[in-house]
Amino acid sequence: VQLQASGGGLGQTGGSLRLSCAASERTASTYVMGWLRQAPGKEREFVAAINWSGGTTLYVDSVKGRFTISRDNAKNTVYLQMNSLKPEDTAVYYCAASRSFTKVVVEYDYWGQGTLVTVSS
């Protein structure tokens, strides 16, 4: 499975950005899809995940109520809508696929190349 993330850029505090992740094949629809991020000087961390049907989601506490993960299996695409952005959201965001519905970074098997999100204060 190949993943291509896009939509990063410069956002303002309180603003919004939407990330997209396109998968190379339809079989990706059977995977749990996640967004993870890595801020400068920090370890990669889990942000959000969505199960194959889109009916169940999981978020890290710091983004709950602000970020929304969704997926369109017909388009082989997963999205991350980011609202009420904060400077601490600045990071490279990665989409990834896993066989498990998990927050554990190492359990994600396939990774996209990452897209940079910078939030100005």
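Two strands are said to pair if DSSP finds at least two bridges between them. Strands themselves are DSSP runs (E, at least two residues), as are helices (H or I, at least four), and both are numbered from the N terminus. In this predicted model, Gly 34 stands opposite Ala 49 in β5.

The model is predicted, so local features need pLDDT of at least 70 and side-chain atom pairs count only at pLDDT 80 or more, while totals for chains, interfaces and linings use all residues. Residues are numbered from 1 along each chain as its sequence is written, and side-chain values use heavy atoms, with hydrogens and water left out.

The protein chain has 11 strands and 0 helices. Its C-alpha trace spans about 40 × 25 × 25 Å along the principal axes. The radius of gyration, taken over C-alpha atoms, is compared with a globule rule of 2.2 Å times the number of residues to the power 0.38. For 121 residues a compact globule would have a value near 14 Å, and the 13 Å of the protein chain agrees with this. Of the 121 residues, 45% are buried, where buried means under 20% relative accessible area, exposed means over 50%, and partly exposed lies in between (1.4 Å probe, protein chains only). A contact means heavy atoms within 4.5 Å. Among contacts with a separation of 6 or more, 58% join residues 24 or more positions apart.

The pairing of β4 and β5 is antiparallel and has 5 bridges. These two strands form a hairpin with 6 residues between them, and Gly 41 in the turn has a positive phi of about 75°. On to the next strand, β5 and β6 (residues 57-59) pair in the antiparallel sense over 3 bridges, with Tyr 59 in β6 as the bridge partner of Ala 48. They too form a hairpin with 6 residues between them, where Gly 54 in the turn has a positive phi of about 85°.

Ser 29 is placed in the loop between β3 and β4 (32-38). Ser 29 counts as buried because its relative accessible area is 16%. Leaving aside residues up to four places away in sequence, Ser 29 touches Trp 52, Arg 71 and Asn 73. Lys 42 is 13 residues from Ser 29 in sequence, yet their C-alpha atoms are 30 Å apart in space.

Two other loop residues have a positive phi without being glycine. Asn 76, in the loop between β7 (67-72) and β8, has a phi near 55°. Ser 84, in the loop between β8 and β9 (91-98), has a phi of about 50°. Most residues other than glycine have a negative phi. Ser 84 counts as partly exposed because its relative accessibility is 39%.
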